[in-house]
Amino acid sequence: MTREPRVTVWNEYRHEQANPVVAGIYPEGIHEALAAPLRAAGLDVATATLDEPEHGLTAARLAETDVLVWWGHKAHGEVADEVVARVHDRVLGGMGLVALHSAHFSKIFKALMGTGCDLKWREAGERERLWVVDPAHPITAGLPEMITLDQEEMYGEHFDIPPPDELFLVSWFQGGEVFRSGCTWRRGQGRIAYLRPGHETYPTYHHGEIQTLILNAVRWAAPVGAAKPTRGNQAPLEPLGN
Ligand code: ZN
């Protein structure tokens with residue numbers, strides 16, 4: 001699309017209200033920290049959280065969303081299946097999805113992947129180096145060849161995802177593990193990006209290069225504006241007489 005995508009940032013918004021460490025890093029919530037740089041770039045951004053009616057993801061809200069950004073962690077199970085099905089339908093119809101960090105275990109990401117989506121993890125404040133392995137990929141625009149995060153949670157392989165259509169970031173962790181940290185898939189008319197960084201007890205979403213990464217992913221995931229394909233039984237387009 002030529003105009004900027006309309007974005008909804010969805011956040012579970014539980015850690016910030018229960019853990020003073022997280023509240024100190026994200027006083028307005030992770031959703032506002034994610035929304036601010038997107039707004040600064042000129043995008044139209046709404047937010048939605050788990051405890052709103054229908055988790056803030058009404059049919060009307062989704063109809064006005066070109067790209068949905070998802071952050072969830074400890075309450076994946078509280079997301080209503082009906083809402084997950086609604087988001088799933090919108091993705092197949094062309095809405096982009098940017099799944100962040102622990103969204104690897106969200107119902108919507110697992111439904112779209114069709115695999116277990118499990119991984120190794122360790123919370124030890126170790127260094128992460130994210131290497132750009134596809135410098136032609138538009139999501140890497142404006143990034144250095146490597147992003148260093150001084151403290152992050154470790155996610156390690158094997159990450160139980162279907163082989164990504166595109167892999168553009170690989171992480172190294174101080175403890176020795178590696179991880180496919182920037183991946184894309186297509187499902188129906190929808191584009192899905194997974195970006196690993198963003199554990200709630202570290203200030204990852206205040207990091208300028210991570211903000212660029214998320215902005216790029218949102219723009220990449222936007223619908224391309226193709227017509228909705230016609231399916232089912234069809235009348236012939238030309239006379240079939242012999
Ligand atoms: Zn985490």
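The dialogue below walks through one predicted model, feature by feature.

Trainee: How many helices and strands does the chain have?

Mentor: Helices (H or I, at least four residues) and strands (E, at least two) are DSSP runs that are numbered from the N terminus. By that reading, the chain has seven helices and nine strands.

Trainee: Which radius of gyration does the chain have, and what would a compact globule have?

Mentor: The radius of gyration is taken over C-alpha atoms, and the globule rule is 2.2 Å times the number of residues to the power 0.38. For 242 residues the rule gives a value near 18 Å, and the chain has 19 Å, which agrees with a compact globule. The C-alpha trace spans about 75 × 40 × 35 Å along its principal axes.

Trainee: How many of the residues are buried?

Mentor: Buried means under 20% relative accessible area, exposed means over 50%, and partly exposed lies in between (1.4 Å probe, protein chains only). In this chain, buried residues make up 50% of the 242 residues.

Trainee: What share of the contacts joins residues 24 or more positions apart?

Mentor: A contact means heavy atoms within 4.5 Å. Among the contacts in the chain with a separation of 6 or more, 71% are between residues 24 or more positions apart.

Trainee: Which residues of helix H3 are buried, and what covers them?

Mentor: As a general idea, an α-helix has 3.6 residues a turn, so residues three or four places apart point the same way. In helix H3 (residues 30-40), the buried residues are Ile30, His31, Ala33, Leu34, Ala35 and Leu38. Their cover includes strands E1 (6-11), E2 (44-49), E3 (67-71) and E4 (96-100), together with helices H1 (15-18) and H7 (208-221). Just after H3, Gly42 takes a positive phi of about 100°.

Trainee: Which residues are the protein donors of the zinc ion?

Mentor: Donors are N, O and S atoms within 2.8 Å of the metal (3.2 Å for Na, K and Ca), and water is not among the atoms, so sites may look incomplete. Here the protein donors are His101 (NE2), Glu153 (OE) and His199 (ND1), which lie 2.0 to 2.1 Å from the zinc ion. Along the chain, the donors follow the spacing H-x51-E-x45-H. Glu153 lies in strand E6 (residues 146-156) and His199 in the loop between strand E9 (190-195) and H7, so this pair ties together parts that are 46 residues apart in sequence.

Trainee: Are Glu153 and His199 buried or exposed?

Mentor: Glu153 is buried, with a relative accessible area of 4%, and His199 is buried as well, with a relative accessible area of 1%.

Trainee: Which residues does Trp121 touch?

Mentor: Trp121 is found in strand E5 (residues 120-132), and with a relative accessible area of 57% Trp121 is exposed. Leaving aside residues up to four places away in sequence, Trp121 touches Glu153, Met154 and Tyr155.

Trainee: Where does Asn216 lie, and which residues does Asn216 touch?

Mentor: Asn216 has its place in helix H7 and is buried, with a relative accessible area of 11%. Not counting residues up to four places away in sequence, Asn216 touches Pro138, Ile139, Thr140 and Ala141.

Trainee: Which residues have a positive phi although they are not glycines?

Mentor: One of them is Tyr13, with a positive phi of about 60°; Tyr13 has its place in the loop between E1 and H1 and is partly exposed, with a relative accessible area of 24%. Cys117 has a positive phi of about 65°; Cys117 has its place in the loop between helix H6 (107-113) and E5, and at 0% relative accessibility Cys117 counts as buried.

Trainee: Where is a cis peptide bond found?

Mentor: A cis peptide bond joins Glu157 and His158, with omega about 15°, and His158 is found in the loop between E6 and strand E7 (166-173).

How values were computed. Residues are numbered from 1 along each chain as its sequence is written. This is a predicted model: local features need pLDDT of at least 70, side-chain atom pairs count only at pLDDT 80 or more; totals for chains, interfaces and linings use all residues. Side-chain values use heavy atoms; hydrogens and water are left out.
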